[in-house]
Amino acid sequence: ALAFIYKNIWSLVIGTMIGTLIMTVWSHFLDEKINNKFAFEKDALNELISFGKWIFFSTAMMFLATQADRFLLGKIFPLSLFGVYSIAIIFAELPKEIINQLSSKVIFPLISHFSDLPRNELRKKILQKRILVLPLLALLVALMASFGDTLIDFLYDERYQEAGWMLSLLALGMWPLVLYATIDRSLYAIGKPSYSAFGNSLKFIYMISCVPLSYKYAGFFGAVFAVAMNDLPVYLTISIGLSKERLSCFKQDILATMLLMALVAMFITIRLAFDMGTPGNVL
């Protein structure tokens with residue numbers, strides 16, 4: 001309604017604030033048995049400071065790391081090419097959005113429920129649940145990496161063709177994120193959020209150092225390739241943390257990665273059989 005009346009960007013800001021305010025006020029009246037009021041609880045504060053500081057730091061580093069490509073490539077790329085990249089990254093991050101929903105609403109509550117179990121039993125529970133989603137995510141990543149250029153050609157005109165090879169690289173680069181995002185919440189559940197904070201810090205350092213260097217020596221392709229590989233530091237850090245906490249899923253990661261490679265090889269073979277070339281003429 002605000003957009004229809006005022007026709008400017010502030011409609012989005014005001015609308016979001018109004019929506020949040022309504023949800024906040026309404027939530028205080030959902031349970032009539034509870035008399036909500038401002039209160040101060042020392043034990044809760046200490047717990048928030050001791051545990052929450054890592055959550056805050058990890059979230060801050062994750063935001064900087066995930067947005068660094070926009071800042072860096074916006075400076076490096078011509079405006080038209082940066083627009084093409086923005087289209088590619090939207091599609092490439094589709095597995096990421098699915099994983100975020102699964103991780104926060106399914107995996108984390110499930111792991112928290114079993115967090116009091118002995119580590120070997122908790123690890124078995126995680127492996128059992130994780131094996132159900134990894135093949136589906138491997139299929140999605142393989143499809144995006146193998147046929148992303150076809151999707152771009154179908155949806156956009158020839159001005160956006162370069163988004164095809166970018167999408168192929170960026171989608172394949174989402175695989176390390178898929179692997180660690182399906183398991184890293186277990187570290188939160190057992191009270192070890194520092195590994196994620198450290199991993200996101202390394203990712204930020206990687207972005208601000210490797211992307212400019214890759215562009216300097218390998219041009220636009222090098223910069224996009226560096227962005228595609230930006231989740232490797234987080235994956236390695238989380239894997240080390242899981243190993244130290246006796247929750248390692250490394251063997252399962254290897255098997256899932258082999259499945260991904262087999263799917264990509266199969267899809268590329270199909271492309272070649274139909275004379276479609278390799279994905280984006282890059283892979």
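This report describes the helices, cores, salt bridges and surface of one predicted protein model.

## Basis of the model

The model is predicted: local features need pLDDT of at least 70, side-chain atom pairs count only at pLDDT 80 or more, and totals for chains, interfaces and linings use all residues. Residues are numbered from 1 along each chain as its sequence is written, and side-chain values use heavy atoms, with hydrogens and water left out.

## Overall build

The protein chain has twelve helices and zero strands. Helices (H or I, at least four residues) and strands (E, at least two) are DSSP runs, numbered from the N terminus. Along its principal axes, the C-alpha trace spans about 65 × 60 × 35 Å.

Of the 283 residues in the protein chain, 39% are buried. Buried means under 20% relative accessible area, exposed means over 50%, and partly exposed lies in between (1.4 Å probe, protein chains only). Among contacts with a separation of 6 or more, 80% are between residues 24 or more positions apart; a contact means heavy atoms within 4.5 Å.

## Nonpolar cores

A nonpolar core is a set of buried Ala, Val, Leu, Ile, Met, Phe, Trp, Tyr and Cys residues joined through side-chain atoms within 4.5 Å. The largest one has 34 residues, and those touching the most other members are Leu-122, Ile-126, Trp-175, Val-178, Tyr-180, Ile-238 and Leu-260. At least two residues of this core come from each of α5 (94–113), α6, α8, α11 and α12. Helix α6 contributes the most, with eight residues.

Leu-260 touches Ala-138, Val-141, Ala-142, Leu-172 and Trp-175, when residues up to four places away in sequence are not counted. Another core lies apart from the largest one and has 31 residues, including Leu-140, Met-144, Met-166 and Leu-170.

## A covered helix

Helix α7 (residues 163–173) is mostly covered, with ten of its eleven residues buried. Trp-165, Met-166, Leu-167 and Leu-169 are among the buried residues of α7. The cover over the buried residues of α7 includes α4 (79–92), α6, α8 and α10 (194–228).

## Salt bridges

The whole structure holds eight salt bridges, each defined as a side-chain nitrogen of Lys or Arg within 4 Å of a carboxyl oxygen of Asp or Glu. One of them pairs Arg-119 with Glu-245 at 3.2 Å, N to O. Arg-119 lies in helix α6 (residues 119–155) and Glu-245 in the loop between α11 (232–244) and α12 (250–273), so this pair ties together parts that are 126 residues apart in sequence. Glu-245 counts as buried because its relative accessibility is 11%.

Arg-159 and Asp-157 also form a salt bridge, at 2.8 Å, N to O. Arg-159 is exposed, with a relative accessible area of 61%, whereas Asp-157 is partly exposed at 36%. Elsewhere, salt bridges that share partners join Asp-69, Arg-70, Glu-93 and Lys-96 into one network. Within the bridge between Asp-69 and Arg-70, the closest N and O atoms are 3.1 Å apart. Asp-69 is buried at 3% relative accessibility, and Arg-70 is partly exposed at 26%.

## Buried charged residues

Asp-184 lies in the loop between α8 (175–181) and α9 (185–189). Asp-184 is buried yet has no salt bridge, and the nearest side chain of opposite charge, Arg-185, is 4.3 Å away. Lys and Arg count as positive and Asp and Glu as negative, while His and the chain ends are not counted. Leaving aside neighbours within four places in sequence, Asp-184 is in contact with Ser-103, Ser-196 and Ile-238.

Arg-271, in helix α12, is buried with a relative accessible area of 2%. Leaving aside neighbours within four places in sequence, the contacts of Arg-271 include Ser-146, Phe-147, Asp-149 and Thr-150.

## Surface

The protein chain exposes about 17000 Å², and carbon and sulfur atoms supply 69% of this area. Accessible areas come from the Shrake-Rupley method with a 1.4 Å probe; for residues, only the protein chains shown count as cover.

A nonpolar surface patch of about 1100 Å² is made by Ile-9, Trp-10, Leu-12, Val-13, Ile-14, Met-17, Ile-18, Ile-22, Trp-26 and Leu-30. Patches are made of residues with over 30% relative accessible area and no salt bridge; like charges are joined within 9 Å, and nonpolar side chains (Val, Leu, Ile, Met, Phe, Trp, Tyr) within 5 Å. Met-17 lies in helix α2 (residues 10–27) and counts as exposed at 57% relative accessibility.
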